[in-house]
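Here is my note on the model you asked me to look at. Please read it beside the coordinates.

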Amino acid sequence: MSKNLKNVITPTISDVRTKGQVWTPRWVADGMAEYLSLSLPGKVLDPAVGPGALFASIRDLNLSDIEYSAYEIDRSVLANHHSPDSFSSAQIKNLVCRSFLTESNENLVDAVIANPPYLRHHLIDAELKKR
């Protein structure tokens, strides 16, 4: 794991259990971004952005004309600045601080990159599961 990850807030055990917060290691994010680059440039969405490791990996590919959109339920984990393991939330054009699962998203994107939250299914509202 990168030594720079110490600059990113680490989720507590409670956050892991109740919000499914588990950060993507940089080496995984890099592989995902490389694969996704075949669909870029364009609009890219991360439905659970956290500190932005996946966007940081896309950024570091030095592609032009990328428009970032994201959802995040926990504003406290958003990054305030770029680092090797994070992406500044100020650079996310469309940032929605609500659950992607509960929103009706009308925005079209060219690609989605995600490491979905690992939430136990019994913690998800029954009505939401029916959608």
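The points below take up a helix, a core and a loop residue in turn.

1. The model is predicted, so local features need pLDDT of at least 70 and side-chain atom pairs count only at pLDDT 80 or more, while totals for chains, interfaces and linings use all residues. Residues are numbered from 1 along each chain as its sequence is written, and side-chain values use heavy atoms, with hydrogens and water left out.

2. In helix H2 (residues 26-36) the buried residues are Arg26, Ala29, Ala33 and Leu36. These residues lie on the same side of H2, because they cover an arc of only 85 degrees around the axis, the arc being that of the directions from the helix axis to the C-beta atoms. Trp27 and Tyr35, on the other side of H2, are exposed. Buried here means under 20% relative accessible area, exposed over 50%, and partly exposed in between (1.4 Å probe, protein chains only). Helices (H or I, at least four residues) and strands (E, at least two) are DSSP runs, numbered from the N terminus.

3. The cover over the buried residues of H2 includes strand S1 (42-46), helix H3 (53-59) and strand S4 (111-112).

4. The largest nonpolar core has 17 residues, of which Val44, Phe55, Ile58 and Tyr68 touch the most other members. H2, H3 and S2 are the elements that give two or more residues to this core. Such a core is a set of buried Ala, Val, Leu, Ile, Met, Phe, Trp, Tyr and Cys residues joined through side-chain atoms within 4.5 Å.

5. Ser88 lies in the loop between strand S2 (66-71) and strand S3 (94-96), and counts as buried because its relative accessibility is 8%. Leaving aside residues up to four places away in sequence, Ser88 touches Ala79, Asn80, His81 and His82, where contact means heavy atoms within 4.5 Å.
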